[in-house]
Amino acid sequence: MVYTKLVSQTELFFSGENMSEQKIQFEDGAAYEQMMGVWSQLVGAEFLNWLSPAADQHWVDIGCGNGAFSAQIVELCDPLEVQGIDPSEAQISFAKTRPGAKQATFEIGDAMALPFDDQKFDVATMALALFFVPDPVQGVAEMKRVVRESGVVAAYMWDMLGGGAPMEPIHNALRSSKITYPLPPSAKASRMNDMRKLWADAGFQSIETKVIHVERSFDNFDDFWNTTTRSAALTSVLKDLDAKTLDDVKHSTQELLAAKANDRVICTGFANCIKGVV
């Protein structure tokens, strides 16, 4: 079953004092791969097709995580170079072991102070990462700085305030129980209008946007629950719930999905995408 997104409830719930101050940290590359890595690649293939890049280009994948999207660039775009940057040592370590990303180079780095010279790359991307940058304006400025004239700067993000995240069914159940959960620090940047403004204010040319919808199938509800709750953001909340409250949240999620215990579950998500020319 495909879940229903409650956009207005999400925005209202996080409009003021209910906003959780917990931080989202990804320190387990394997867990990220099972949960978000698969989702990232579902969006990533369509996103790269939309970019329609030329072969033999120099790429930088900022906020590369465990290398899932970097591997897609290697596989689908025939690049001359792929550099992956992420602040998490554990994620970078995992990325370096990914067979499909052997042609890529990974290092720890800060999206707001990229360790590269000006105009080094043809394409700069952020896949599910810009909303984690504390200052998105600075993050976009750094992307632009390291890209050559006529190069492309592009990003995609789950619409976190519009119900686009794959963990939205669980978020929905938590909101119904008035349980706060952390969002990325710059979640507002994932809204399409905000993305457009970021790119326009940065001075990009030929700005284009797209919404990509994806779905993922799970063997049953337990498969969905066990996989999705490996998200660092959810783990930080669920571990502190008492047994009854946790069971209530799980039951509410199952009801929202209208999923019987052994039925296959189809979950959906959607990402807002943007690209512009330097």
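Ser-150 counts as exposed, at 57% relative accessibility (exposed is over 50% relative accessible area, buried under 20% and partly exposed in between, with a 1.4 Å probe and protein chains only). Ser-150 is found in strand S5, residues 147-158, and its phi is near 75°, a positive value in a residue other than glycine. This is a predicted model, in which local features need pLDDT of at least 70, side-chain atom pairs count only at pLDDT 80 or more, and totals for chains, interfaces and linings use all residues. Residues are numbered from 1 along each chain as its sequence is written, and side-chain values use heavy atoms, leaving out hydrogens and water.

**The chain as a whole**

- The protein chain has 10 helices and 7 strands (DSSP runs numbered from the N terminus, helices being H or I of at least four residues and strands E of at least two).
- Of its 278 residues, 53% count as buried.
- The protein chain exposes about 12,300 Å², of which carbon and sulfur atoms supply 48% (Shrake-Rupley areas with a 1.4 Å probe; for residues, only the protein chains shown count as cover).
- Among contacts between residues at least 6 apart in sequence, 79% join residues at least 24 apart (a contact is heavy atoms within 4.5 Å).

- The buried residues of H6 are Glu-168, Pro-169, Ile-170, His-171, Asn-172, Ala-173, Leu-174 and Arg-175.
- H6 (residues 168-176) packs with H10 at an angle of about 125°, the axes being 8 Å apart (axes are lines fitted to C-alpha atoms, for helices over the stretch in contact, and angles run from 0 to 180 degrees between N-to-C directions).
- H6 and H10 are therefore oblique to each other (under 35 degrees is roughly parallel, over 145 roughly antiparallel, 65 to 115 roughly perpendicular and the rest oblique).
- On the H6 side, the contact is made by Pro-169, Ile-170, Asn-172, Ala-173 and Leu-174, and on the H10 side by Val-249, Ser-252, Thr-253, Leu-256 and Leu-257.
- These contact residues divide into 7 nonpolar, 3 polar and no charged (Ala, Val, Leu, Ile, Met, Phe, Trp, Tyr, Cys and Pro count as nonpolar, Asp, Glu, Lys and Arg as charged, and the others, Gly among them, as polar).
- H6 is followed by Lys-178, whose phi is positive, near 55°.

**Helix H8 against H10**

- The axes of H8 (residues 221-228) and H10 (residues 243-257) come within 11 Å and cross at roughly 120°.
- That angle makes H8 oblique to H10, and H8 passes H10 in a right-handed crossing.
- H8 contributes Phe-221, Asp-222, Phe-224 and Trp-225 to the contact, while H10 contributes Leu-246, Val-249, Lys-250, Thr-253, Gln-254 and Leu-257.
- The residues of the H8 contact with H10 divide into 6 nonpolar, 2 polar and 2 charged.
- Val-249, Thr-253 and Leu-257 of H10 take part in the contact with H8 and also in the contact with H6.

**The loop between H2 and S1**

- Asp-56 lies in the loop between helix H2 (29-51) and strand S1 (58-62).
- Phi of Asp-56 is near 60°, a positive value in a residue other than glycine, and the residue is partly exposed, with a relative accessible area of 46%.
- Ala-55 has its place in the loop between H2 and S1 and is partly exposed at 39% relative accessible area.
- Leaving aside neighbours within four places in sequence, Ala-55 is in contact with Cys-77 and Asp-78.

- Arg-196 is found in helix H7 (residues 192-201) and counts as partly exposed, at 38% relative accessibility.
- Arg-196 and Lys-275 are 79 residues apart along the chain, and their C-alpha atoms are separated by 9.3 Å.
- Apart from neighbours within four places in sequence, Arg-196 is in contact with Thr-209 and Ile-274.
- Thr-97 sits in the loop between helix H4 (89-95) and strand S3 (104-108) and is exposed, with a relative accessible area of 54%.
- The C-alpha atoms of Thr-97 and Gly-67, 30 residues apart along the chain, are separated by 9.1 Å.

Methods
Left-handed = near helix turned anticlockwise from the far one by under 90°.
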